[in-house]
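Please take me through this model stop by stop, saying at each point what to select next in the viewer and what is to be found there.

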Amino acid sequence: MTTGAVLAAGACAIILSLIGAFRGPRCWLLALLASSLTALAAAGWVLATGNAWEWRSAFLIGGESVHLRLDGVSALFLALLAVVGGAGAAYSREYWAERAHPVSAQASRGWWSGLVLCFGLVLLCSNGLHFLIAWELFTVCAYFLIILDGQRRDVRAAGWLYLAASHAGTLALFAFFSLLAARTGSWDLGPMREHAELAPFFWLALFGFGVKAGIFPLHIWLPSAHANAPSHVSAILSGVAIKMGIYGIVRFSGWLPTPPSAGWVVVALGVVSAVLGVAFALGQHDLKRLLAYHSVENIGIILIGVGFAIVATAHGQAAWGALALAGGLLHVWNHGLFKALLFLGAGSVLHATGTREMSRLGGLWRAMPWTASLFALGAVAISGLPPLNGFVSEWLVYLGMFDALNQPGAAVVGAIPAIVLLAMTGALALACFVKVCGVVFLGAPRSPAAERAHECGPWMRGPMLMLAAGCVAIGLAPFVFWPALHTAVGAWRGTWTDVPAPESLTMLGLVHMALAVAAVIGAAWLWRRAHRGSLARALTWDCGYAAPSARMQYTAGSFAGIITEWFAWILQPERHEHRPEATFPRRADFEEHTPETVLERVIEPCARLVMWVSGVARRLQHGRTHAYILYLIFGLVAVAAMTMAWSE
Amino acid sequence: MNDLLNLLIGLAMGLNLVALGTSRLPSLIRVAALQGMMLGIMPLVIEHEWRVMVLVIAVATVIMKGIVIPALLHRAMRTANIDRDLNPLIGFLPSLLLGAAGMIGAVVLASWLPLLPEHRESLLVAGSLASVFTGLLLLIGRSKAISQVCGYLILENGIYLFGLLLIHSTPLLVEGGILLDLTVAVFVTGIIVDRIQRAFDSLDTRRLTVLRE
């Protein structure tokens, strides 16, 4: 009952913020933060106590009574929503300020409140019809947030692509929920694992939610939308919106029976997304596009955990299934935290320099020490390095997979390549973030814009600090968060309630704390040495040249050149080069661009084929009414002939 | 009684051929009017006892199809200053041949259809199919708007004939409603013909292609 009251207060606050969005930024932010806090409290309560909350209305909407439910799974996602929603809102106060964006600042506030509200509804609704309505509304709110800066053509194109891809996914969801309602006789959702005939519908759900989650071949909308949206919007898109897809997959793989091969398919999709996501990220020169591809990678890691949990269900193995799922779910939180942090950091860079192009940045740590260090912290976390949170969740997934190795049978065959490829993903992610931090923050500025960079203000720094604190907290004290994961796992599969916390988790926390203390001491010692004045400063890139310039630094492309070469088969990079020739070469240049391979090489040719067929069909519409009547006759005769054939 | 009905329908089928063969618009209008009047008196032939409603409908049909609609069309023709359909899409001889073939096809199709025993003897179905085909042929083959309206009228006559099959189960009020629709349609078409003439300086509907998207 208390949960219900707190949630009602949160709902009131978010509706107030929706109204406040048109009054002024201050009351909007206040109401939004209040709703975030209440939602966080409700979710935290459910996760801590394990008492799910359920409510059915007496009134009907669309002929169905409203059925809300906050159990472990939805509470986990609601907590993430509260944190990222609040942080992004506070960040936008300065980043998308009234003064710089007089037209779209108000729209930004309004749609943001709407988006957060719709996310909450998606998480709470336990009725297929209302779920679809909330899902569609959130898609639309997110679309209007993406095109806030709609004067630019590429922003509009990105928004359109997002909308089109989302609707393709929603179409599958419409089919999914309608079939479900037709089979069960009710739109009401809930555990129905005993209906074995519902299993094939899982594929529809996987496609529909997979588009939103950005699983590898379905990720086409994700890079451009994340790159072109304002950074606080990118943060919530990457932190929460794509997690809604994961929520759908987790929710319905828990409630519905799954086909026997579903677990392995999800694992395979996860592995492909993880490896290729990071490969594409390495090929990017645009800071935010690179981060967007890392979302694909992290979605892959989450899916590996979820997939192994589904496999474990099929094998009846609670122990390692629960570990893998807990790892995947913790990675939902972790990715939400550090990816939001990274996007906000990228937003600060964009705000300070006006460009996302990494080859125009460089040397920013001098001007923006806060942004640089917070971004670096996020980079360490996303690369899965100890002592931060990325390591903890990947550790849990690894633990689950290692335990799966002890089982006889198919699990071993699948687990070994998954482990190897996940490890490879981690290494590649580290390489990628070394590249980002090195090119953007270290070295010398590559353009005048980078030279004039300035540190962001407190409203932008605060949310980043808060998200970074979250990353550190989960990294240093993972055992504190285990009960929440335990509740979520129990809500996913009712029989998995007595899974003990892995013993290594406490140990891991202690090691992390020791590492963190050592790192702080080391940093303090270095700081003191550097500031005692005994160090001489010299140029970094002084390889025997008399007059080194900023252009002689490694570029983003050259840094990752070797690795992108390994993946050239899928990245299909486009290169234009004029090699230096003769003794005194006149000019030489080299340009490399990684296309959106899936979009440009697969989807677009298919779309062109459809357009061609439509163009041919359009010749039938020439305006001659006589011929139209002829078509009518042909149609009538065809229908008559069909009826005749049918009746015989 | 069936003989009288079949005679009327046979005459209407003959009028179809006349409509297909003529290039003069006044005679086309006259043919459509005559056919409409014949159809108008058919309920009186079919019904055994004359109720007031049947009588009213019959009289109204004859007045509308025989007098009002032709008058409207004549007026449209005069304002458009036109009395011949000179270059049709399908020539007069080919359309005549097609019409004859259609009539034979209609008779064959009607004998082949699973009809009720009491309809087997009458030409109702064959005549209705033939009229519908003739109307469509006129709509497709003629270039002037007024001849197309006549085609539309003949098409509607065919549908009306088919409707007579159900005269015992369809309220005649429905027929009355259809009649009213038809009159309004022709009335509107009369206005449109005038507008087309003014805008395009011709009644050739082929010129309307410029209006497409």
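Select Ile140(B) to begin: this residue is buried because 23 other C-beta atoms lie within 10 Å of its own, where buried stands for 20 or more such atoms within 10 Å, exposed for 12 or fewer and partly exposed for anything in between, with the C-beta atoms placed from the backbone. Ile140(B) sits in helix α6 of chain B, residues 124-141, helices being DSSP runs of H or I with at least four residues and strands runs of E with at least two, numbered from the N terminus. Not counting residues up to four places away in sequence, Ile140(B) touches His626(A), Ile629(A) and Leu630(A) in chain A, together with Leu89(B) and Ile90(B) in its own chain; two residues are in contact here if their C-beta atoms, placed from the backbone, lie within 7 Å.

Before moving on, note how the model is to be read. It is a predicted model, in which local features need pLDDT of at least 70 and side-chain atom pairs count only at pLDDT 80 or more, whereas totals for chains, interfaces and linings use all residues. Residues are numbered from 1 along each chain as its sequence is written, and chains are lettered from A and ligands numbered from 1 in the order in which they are written. The scores are ipTM 0.79 and pTM 0.82; chain B has an average pLDDT of 83, with 96% of the residues at 70 or above, pLDDT being the predictor's confidence in each residue on a scale from 0 to 100.

Now show both sides of the contact between the chains. Nine residues of chain A meet ten residues of chain B, and the chain A side consists of three nonpolar, five polar and one charged residue. In this classification Ala, Val, Leu, Ile, Met, Phe, Trp, Tyr, Cys and Pro are nonpolar, Asp, Glu, Lys and Arg are charged, and the others, Gly among them, are polar.

Next, colour chain A by domain. The assignment gives domain 1 (1-202 + 218-230), domain 2 (260-496 + 511-526) and domain 3 (602-647), with bounds that come from an automatic or database domain assignment.

Which helix comes next? Select α9 of chain A, residues 231-255, whose 25 residues reach 35 Å from the first C-alpha to the last, close to the expected 36 Å, the expected span being 1.5 Å times one less than the number of residues. At Leu237(A) this helix bends by about 40°, the angle between axes fitted to the seven residues ending there and the seven starting there. α9(A) is largely enclosed by the rest of the structure because 24 of its 25 residues are buried. Within α9 of chain A, pick Phe252(A), which counts as buried because it has 22 C-beta neighbours inside 10 Å. Leaving aside neighbours within four places in sequence, Phe252(A) is in contact with Phe202(A) and Ala205(A).

Move to His335(A), in helix α12 of chain A, residues 318-353. With 28 other C-beta atoms within 10 Å, His335(A) is buried, and beyond its neighbours within four places in sequence it is in contact with Asn298(A) and Ile302(A).

The last stops concern backbone geometry. Most residues other than glycine have a negative phi, and most peptide bonds are trans. Pro386(A) and Pro387(A), however, are joined by a cis peptide bond with omega about 5°, and Pro387(A) is in the loop between α14 (369-382) and α15 (389-405) of chain A. Gln572(A), not a glycine, has a positive phi of about 50°; it lies in the loop between α23 (568-571) and β3 (574-578) of chain A and is partly exposed, with 14 other C-beta atoms within 10 Å. Finish at Ala582(A), where phi is positive at about 65°, in the loop between β3 and β4 (589-593) of chain A; Ala582(A) counts as exposed because it has 6 C-beta neighbours inside 10 Å.
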